[in-house]
Amino acid sequence: MTQAPLDLLLLPTWLVPVEPAAVVLKDHGLGIRDGKIALIAPREEALQHAALEVMELPGRLLTPGLINSHGHAAMTLFRGLADDLPLMTWLQEHIWPAEAKWIDEQFVEDGTRLAIAEQIKGGITCFSDMYFYPETACKVVHDSGIRAQITIPVLDFPIPGARDASESLHKGMRLFDELRHHPRIKVAFGPHAPYTVSDDKLENIRVLAEELDAGIHMHVHETAFEVQQSLDLTGERPLARLARLGLLGPRFQAVHMTQIDDEDLELLTTSNSNVIHCPESNLKLASGFCPVEKLRLAGVNVAVGTDGAASNNDLDLLGETRTAALLAKAVAGSATALDAHSALRMATLNGAQALGLDEITGSLAVGKAADISVFDLNGLPQQPVYDPVSQLIYATGRNCVEHVWVNGKPLLSNGQLTRLDEQQILSSTRQWGEKIAQKA
């Protein structure tokens, strides 16, 4: 039986599959058919296959799409609102009051659309979102073409869109049912943090997550204060409490984890939990340093996230990954810690594993979704190119992102968004900025 022609054949100078690790394929082609990767082969062999479109990409590096494993998408509309403040001051005196005043479905729709546009232009094909009105975020994700994990927000007090945790979970379960078979959206649970969610609610989430095989995404050990407060009140470290309640495991996504002792490390490794590292937000809020290399050497899966633009202040995962690589070396006291290839893996396949999507995306392999980013390494700052992955991590900015595909559909072509109206997004964002600034 004759195979149908490829929908698209990409011919870059370099192709990095991420798995197997530390491999760079030069002068290879990648073929896409029906939204999936159908071919990876040397250039001359690839050209033997019929294709509806062939794209020559000289001097370009083709990688799996980047995965932003933690963020608060709609908070892009609070970018720069309350800078240079400690975490709890920033949160309790500025962000929570601003959210109480401004958050509604329109805010989430416009803020999420802005975040998605920024992420696509930065080579991100999948992101995890932890914010209010998740059903609204899902609609924007659906329309935009990007892939996402959207979490159901759970706190002990009323939040925008839900009077209490029970209502939030009820709405979340309805959303889970509606999107169970969506090709690009995965719904998970998002209890905010150990200090904002009680045991009974966490136990409820554990039961639901087990029944639905859903992820649990949570801020954990973000600061030394959080850990000490828990010890003072209960005599128990937050991670130990979560372990006692049965939340840890392959579906658990522990965000931040700047405070890790030997017992914490043992809990993470034995439970096979995931850690999501947000270095720039941690640095900006002086929250602490996640010991990434120590975690990696112990076998813990570590992914990377930008956190929200209100505390970062951008959604630049490539820049975040560079910071992660440099910071890991300083924290470990070793120049060999978190090398460039491992850093790229943290921003791709490790992220997919943390979100439970590694069978679908995160690496370039035949049969996986065609979630792909193309970086132009022809510029002066990238020359000469000895190792394209080192140049990507240490010498390339997100302005070098040229093309992005998700499920084989182009979301960015020659640096231009294909499904989102950039000028409309800019106009809407400026209107929000003027309105919020007047009342700030």
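Guide: One definition will be needed: a salt bridge is a side-chain nitrogen of Lys or Arg within 4 Å of a carboxyl oxygen of Asp or Glu. Please also note that this is a predicted model.

Visitor: Then which side chain of opposite charge is nearest to aspartate 129, and how far away is it?
Guide: The nearest one is arginine 79, at 13 Å. Because a salt bridge requires the two charged groups to be within 4 Å, aspartate 129 has none, although it is buried.

Visitor: What lies 2.7 Å from a polar atom of that aspartate 129 side chain?
Guide: The backbone nitrogen of alanine 73 is at that distance. Aspartate 129 itself belongs to strand β7, residues 124-130. Setting aside residues up to four places away in sequence, it touches Gly71, His72, Ala73, Ala137, Gln149, Ile150 and Thr151.

Visitor: New topic. Which residues does UniProt list under "binding site"?
Guide: The unreviewed entry lists His70, His72, His219 and Asp307. They are spread over 238 residues of sequence, yet they cluster in space, with a largest C-alpha distance of 11.9 Å.

Visitor: Where is histidine 70 in the fold?
Guide: Histidine 70 sits in the loop between β6 (66-68) and α2 (87-102). Its relative accessible area is 0%, so it is buried.

Visitor: What does histidine 70 touch, leaving out residues up to four places away in sequence?
Guide: Its contacts include Ser128, Met130, His217, Val255, His256, Ile276 and Cys278.

Visitor: How about histidine 219: buried or exposed?
Guide: Histidine 219 counts as buried because its relative accessibility is 6%. It lies in strand β10, residues 216-220.

Visitor: Last one. Where does UniProt place the "domain: Amidohydrolase-related" feature?
Guide: The unreviewed entry places it at residues 62-410. Over that stretch the chain is 43% helix and 17% strand, and the end C-alpha atoms are 14 Å apart.

Key. Residues numbered from 1 in each chain as written. Predicted model: local features only at pLDDT ≥ 70, side-chain atom pairs only at ≥ 80, totals over all residues. Heavy atoms only, no water. UniProt positions renumbered as here; feature names shortened; annotations may be inferred. Helix = DSSP H or I, 4+ residues; strand = E, 2+ residues; numbered from the N terminus. Buried < 20%, exposed > 50% of the residue type's maximum accessible area, 1.4 Å probe, protein only. Contact = heavy atoms within 4.5 Å. Lys, Arg positive; Asp, Glu negative; His and termini not counted. Polar contact = N/O pair within 3.5 Å; in protein donor to acceptor, adjacent residues only side chain to side chain.
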